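Please consider the structure shown below. The paragraphs that follow lead through its salt bridges and then its strand pairing.

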Amino acid sequence: MSDRIPVEMFFLRDSEAGTLQGRLAAAIVQAILETRARPGTRLPSSRGLAESLGISRMTVTLVYQELISQGYLETRARSGIMVAATVPHRRLRVQEPLPRETALDWDSWLSDHQPRQRVIRKPANWRDFRYPFIYGQSDPGLFDHNAWRDCARRAWGTRDFGELASDFYGADDPMLIDYICSHSLPRRGIHARPDEVLVTLGAQNALFITVELLARGDRLAVTEDPGYPDFAETLRRAHSPTTFLDVDEGGLDPQMLPQGTRLVIVTPSHNIPTGATMPLARRRELLARAAAHDFLIVEDDYDFEMSYLAPPAPALKSLDRAGRVIYIGSFSKSLFPGLRIGYMVAPAPLIARARALRAIMLRHPPNHLQRITAYFLALGHYDAHIVRLRGALKRRRALMEQALGETPLRIAGVARSGGSSLWIEAPGGIDSSLLAERLQQDSVLIEPGEVFFETPPAPCPFFRLGYSSIREADIQPGIALIARRAMELARQTRAA
């Protein structure tokens, strides 16, 4: 190992986000770790590194000073800047691979675990596409980053740090629980005590815990078709017998429930993906049947905040007087998907069992992330964000409907109170998966519809168009391009 890291080891990647200083700091740390530089290994001078990278010497000096304060670097008299003995995550030796005489038969170890069959896939580089009509991604321009940073500063401050740095032993942040009980749930007509609420790592974690506790091989489950693929896959993993009921313009029809139903999983406010809303009469009938036939209901109320065309219908849970509804909510859709903060509301005995199960999975969601979210909610930033979000979605929805009205594409399902996606049917019996493949060549992303069906039509002409993250100026030309490619594919399909 040389006593100096060569200047050629340092380079800035244009593809990385962040400030110049942040990118340079990351490049220096990466060079230290990848070269396994020992303590005392010298770095290039600030002038030499600045000239090599084409940046100012002051930028290099500031970054060196920051990394000295973090323990990566240190200074020695007449020796310059060098690697410190306190570098975190040092890798001094290359681990030699262990010799293998025979490879493990992983198929036999995993034979009882069915692979996921229905998965919504989005390219990791979806932001690089000109027309990303995908659902569930946020628009950073609508988010108040300064407010979130201020809430993070509060949560990391001296007053809160001692409390949040400790282990909650399965409990949740009382500040977040208080806000959920006093603000979020009452807006849906739900009243719950703190012992009836559990914070989860998003709605998906709440669904997994619920199914794990309630599904059995001798308990028939029912869910929607088309519907959210993770409902089907979570039930499949639990080896739960499942019936998939067709969804109409009013969502799932309780009269179609088969005899022996024990668990029903629904999205009454906005069906995924059609956007259908279950009418109040159906909600009451579903609850009456649950009482008469002794089954439980899981209500995924994933995006009620997106109601900007009409007030949201009452949550199914708000009509429940017998405690048969397990309610699942999330802040990930309304704030940003990477947040992964959700919650479930149910009678205290079920929440106690859910808390115990969560404890052996992950103990509890990160304390500081819960507190940051709690501050964002309690200080009014969340309400202001929802106002901005609803306004933007309303404008985009109008542009989507106008653009689609000028094409042969048909809106097959409508979230009448709002939402952030539309369920589309293409003409000519084309396959939406093939259409999606061709559109990617035009820098267009759509979501093929077959993943939402347990038994999709063949070919499946349906697809979902999300508009939460696409620029308003790109909606009309993007829709026109989708329609043009759809018609080309329809002509080819007829000719074949």
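Arg355 is partly exposed, with 23% relative accessible area, where buried means under 20% relative accessible area, exposed over 50%, and partly exposed in between (1.4 Å probe, protein chains only). This is a predicted model, in which local features need pLDDT of at least 70 and side-chain atom pairs count only at pLDDT 80 or more, while totals for chains, interfaces and linings use all residues. Residues are numbered from 1 along each chain as its sequence is written, and side-chain values use heavy atoms, with hydrogens and water left out.

Arg355 forms a salt bridge with Asp172, the closest N and O atoms being 3.0 Å apart; the term denotes a side-chain nitrogen of Lys or Arg within 4 Å of a carboxyl oxygen of Asp or Glu. Because Asp172 lies in the loop between helix H6 (158-164) and helix H7 (174-184), and Arg355 in helix H12 (residues 348-361), the pair ties together parts that are 183 residues apart in sequence. Helices (H or I, at least four residues) and strands (E, at least two) are DSSP runs, numbered from the N terminus. Asp172 is buried, at 8% relative accessible area.

A further salt bridge joins Arg188 to Asp301, with the closest N and O atoms 2.6 Å apart. Arg188 is buried at 3% relative accessibility, and Asp301 is buried at 2%.

Turning to the strands, S11 (residues 342-345) is buried at Gly342, Tyr343, Met344 and Val345. Strand S4 (residues 197-200) runs antiparallel to S11 and is joined to it by 4 bridges; pairing requires that DSSP finds at least two bridges between two strands. Strand S10 (residues 325-330) also pairs with S11 in the antiparallel sense, over 4 bridges.
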